[in-house]
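Hello,

Here is the structure we talked about. Please open it alongside this note; my findings follow below it.

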Amino acid sequence: MPHPAERRLIFEHVDEPGYTTDLPCYLAHGGYEALKKSVARKPEELIDEVKKSGLRGRGGAGFSCGVKWTLVDRKSGKPIYLIVNADESEPGTFKDRYIIHQDPHQLVEGIMITCWANQVRQAYIYIRGEFPRGARLLEHAIAEARAGNFVGPNILGTGYSCEIYVHRGAGAYICGEETGLIESLEGKRPYPRIKPPFFPAVLGLYQCPTIVNNVETLCHVKHIAAMGGEAFARIGTLNNTGTRLLCVSGHVQRPGTYEFESGKITLGRLLNEICGGPRPGRQFKAVIPGGSSSKILRFGERFKVKQRDGTMVDWGVEDIPMDFDSLAACGTMGGSGGVIVMDDSVDIVAALANLNAFYAHESCGQCTPCREGSLWMKKITARMVRGEARPEDGALLKSVADQIAGRTICPFGEACAWPTQSFVQKFGDEFRNYASRPNPGPAATELA
Amino acid sequence: MSSALKPADLITVTIDGREIAVPKGTNMIEAAQVLGIEIPHFCYHSKLSVVGNCRMCLVEMGLPALDPATKQPVMDPATGKPKINWVAKPTIACFTNASPGLHIRTGTPLVRECREGVMEFLLVNHPLDCPICDQAGECKLQEQATGYGRGYSRYIEQKNVKPKRTLLGPRVMLDDERCILCSRCIRFSKEIARDDVLGFIDRGSHSTLACYPGRKLENNYSVNTVDICPVGALTSTDFRFKMRVWFLKTTPSICPESSVGVNTEVWSREGVVYRITPRRNDEVNDTWMADSGRLLYKQVTADHRLREPSVDGTTVAGAEALAQAGALLKAGGVAIVGSGRSSVEEQFLTRKLADAIAAPAWLVSRVGQGDGLLISADRNPNVRGALVTGLIKTVPEAELTELAAQIAAGKIKTVVSIGEDLTAAGLGEAQLNRIAIVYLGTHANATSAGAKVVLPTLTVFEKAGTFINQQFRLQRFAPAVPGPQGAADDLVILAGLVEAAGGGALASDIDGLWTTLASEIKPLATVTYQNLPATGLLLDASDFSDLPFPEDETLHFNPKQ
Ligand SMILES: Cc1cc2nc3c(=O)[nH]c(=O)nc-3n(C[C@H](O)[C@H](O)[C@H](O)COP(=O)(O)O)c2cc1C
Ligand code: SF4
Ligand code: SF4
Ligand code: SF4
Ligand code: FES
């Protein structure tokens, strides 16, 4: 059962007993009504609704969906493609898979409305290789939707045709980065492209204008089409409209994925009330609020934040509202909605070693700072955990990270630098004193 | 930048406070170079696509601030110049093209720090191979580490271990540990050689260069990857471990492989050639050359090299051989088979010889398949030289049918062959038995074996001269090494023959000869050998525009244009 504090749009039927992934079930719950309504309208009107809705992308960057659609080059005469980013690889993030596994038609409908709005005739769902069941479910849903005339030729008798293809990735985090994804979809190594000039909106898939949106973002489009942009904008808070899926993992009593009105729940309430607080006898130590790449927050930190109306507030970690702007004001980000919680049992250096191993493994290797820096940071933290830490290692780590961020081809550079920068900045004492820490945890042997 | 640009096509950019007018879109690394400002780089190569992966060229970039209302530049009252909005993040210069008002800064603390960071990253997993690495001395990593690195290491972790000896193809060896993953070799193979055979496998710092499964890097341009590899990751199997580059002297030369006239650099030490590399000429070969041309130096020391003058197969002194040849020439009934591989100067003297004794002259064509890149259909490097000097009047043929007929008719008693194997050019036993042969050449063949007089001459690596390529571009080569003791410069022998045949004394040194050439040959009227530009000189070819040349399209050459 949803928590009373939740507001479910996308997850309305997720985990609902008896709700299946089949088309009849979806139709029985009002499915494809929004699409029917949409194809009766002019495409521009729908783009307008999305602009009015204030929807911001749920893939990580929180970029305005309406603006993204407006930037698409419609004068080139080339086809416009839609790519659905279902690569969901950011550690700590597990929301898109619920949608795909439990309500795939919701996504298909969102895709078709987006395609109609942007006059797209071919959409690709790029799904991570580790989601074979998700891929099968999507294939099945698309086939059903085709049979129901919601996808394919002459959709709902409008004369408009559009196909959706499912493309499975081969298992690389960087394929979630939109330009790396495009390269991969074109059959190449997922080396991210340089922006400018290769903005997908202009020079995307096969050098054609392309829209890349996250799974959750496109599901919101369905709800915007159903209720109207203004109604959607009334949900959530100013500039952080609609609902947001939050994936809570780690040291809480009830981890899971929850849906709230954006910005209407604080981090403290989320962790303590919804997720049941820390495990018995434990205290929260730190939280990564928006997927592993976002900067860590240390419990006990204070943030002086200027509100939109100019007033200053003084927040502790627990007071931060879970929305893009508040988290950004506290020096971190809303990102992909992956909230990773650590209690006082966590060896912070070992935790960073774990993240660094991930980033070193996932760096595509194209550009020097990220390729070499990510592995170097991994080697340093692995050595520290192995028992060969030096007092200066924290400063060295930070300096290596500083040489990466802002100097790479794609935002993976920041994604791999920010954990190190923030861990060292906020837990500098633990890094400095690591060699002489009282009780080396079990992680030491695991990671070494 | 071509000189045909009008000032209106130029825009002004500012680099480190200095203004420069460049064509719109000029790459900022190139623009800085014009000002003498070096922007260090690894992956950027002027002839390849830009990928921006090494991040060595990071600079600070700014653009004029525009008034949102008027879209006009905002002026800075302090300086009276447009106010510049500097971008907070560093930008790669290689992917930044000149746009109006663009500013870059290359000497700021941020830029210095970026370079130090990239250098450090490139070195953390780099082996300490310099003492045994062929690239040492011409290694961009060494140079830029010295110029832009911190000079000390903060790295105490284990370095990555990768394969040290992978044969990518017959001529290229890969040391993966030295590879800085700049992808120049991959881009070259794909974009220039059009043989998409290289790629990276694995991820991150464990990425390694490899051939596609079942493929080899064996196209005829493979060694260019060795040239453009900024480090010692790719080495030439031919040159590997032979010589330290700083001992070598370079001599500008022209590849005699075909009428493309690829500009080259011949690397030698103490009279021995060690390698040949391309010399940049943006109008001929860019920065490339064929692998086959690189191996031509081996002919200098080939076993069948002619090393001593001989008469009837017996070694004699040079003067004796020349006298014997002179006697044959004076006896009349002489025909000359000149060479499309001779230099312009040699062909001029060959013509003088033909004139002196009223001998007919032919050339033997050498036509094959062009490769569309740097080997043209005409494998003679200098047929146009023979046309310009008047040695021949039309394009040569492969078979000397007319000569054969004249021999059969008993009109010809002596044939002077300049390096041509007459048996390969269609003369059979029947004809050869009726003539005496004077052979000038570098290497033995069936014709030299049966010659009455053999006069050994020099290869292109041992003498000075010029070729005229398919574009009618006059290009110069210089001697890199001395020839064998018993061989003489072709010019000396030819001038000697002219004199022996009663044609008078002619200059046999290059400069002297050019005075005559310039006065007698119209297209060469203003040329002197010493003042010839390094990239050659296009001659007026209008007299020859109707001739049926065999060449098809190659790089920078289209016969239809
Ligand atoms: C390293 C990296 C990994 C990413 N992985 C994902 C991902 O798995 N799923 C996703 O939707 N977006 C991912 N993104 C963000 C995408 O690049 C892109 O911004 C997003 O798909 C846009 O969709 P949205 O506007 O709907 O958020 C990633 C970005 C980076 C830099
Ligand atoms: S920042 Fe990292 S992931 Fe992105 S292009 Fe560079 S090496 Fe690849
Ligand atoms: S590539 Fe350069 S730096 Fe590396 S070992 Fe060779 S010479 Fe030294
Ligand atoms: S082998 Fe050389 S040219 Fe090729 S990617 Fe490596 S460093 Fe660059
Ligand atoms: S030269 Fe390599 S990034 Fe610019």
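The shell around ligand 1 holds nine nonpolar, nine polar and seven charged residues. (Ala, Val, Leu, Ile, Met, Phe, Trp, Tyr, Cys and Pro count as nonpolar, Asp, Glu, Lys and Arg as charged, and the others, Gly among them, as polar.)

This is a predicted model: local features need pLDDT of at least 70, side-chain atom pairs count only at pLDDT 80 or more, and totals for chains, interfaces and linings use all residues. Residues are numbered from 1 along each chain as its sequence is written, while chains are lettered from A and ligands numbered from 1 in the order in which they are written.

Confidence: the model scores ipTM 0.95 and pTM 0.95. Chain B averages a pLDDT (the predictor's confidence in each residue, from 0 to 100) of 95, and 99% of its residues score at least 70.

Back to the ligand. In total, 25 residues surround ligand 1 (C-beta atom, placed from the backbone, within 6 Å). The closest are Gly57(A), Gly59(A), Gly176(A), Asn214(A) and Thr217(A). Two elements of chain A give two or more residues each: β4 (210-214) and α17 (412-426). (Helices are DSSP runs of H or I, at least four residues; strands are runs of E, at least two; both are numbered from the N terminus.) The largest share, three residues, comes from β4(A). Domain 1 (23-234) and domain 3 (348-447) of chain A both contribute to the shell, so ligand 1 lies between them. The domain bounds come from an automatic or database domain assignment.

Best wishes
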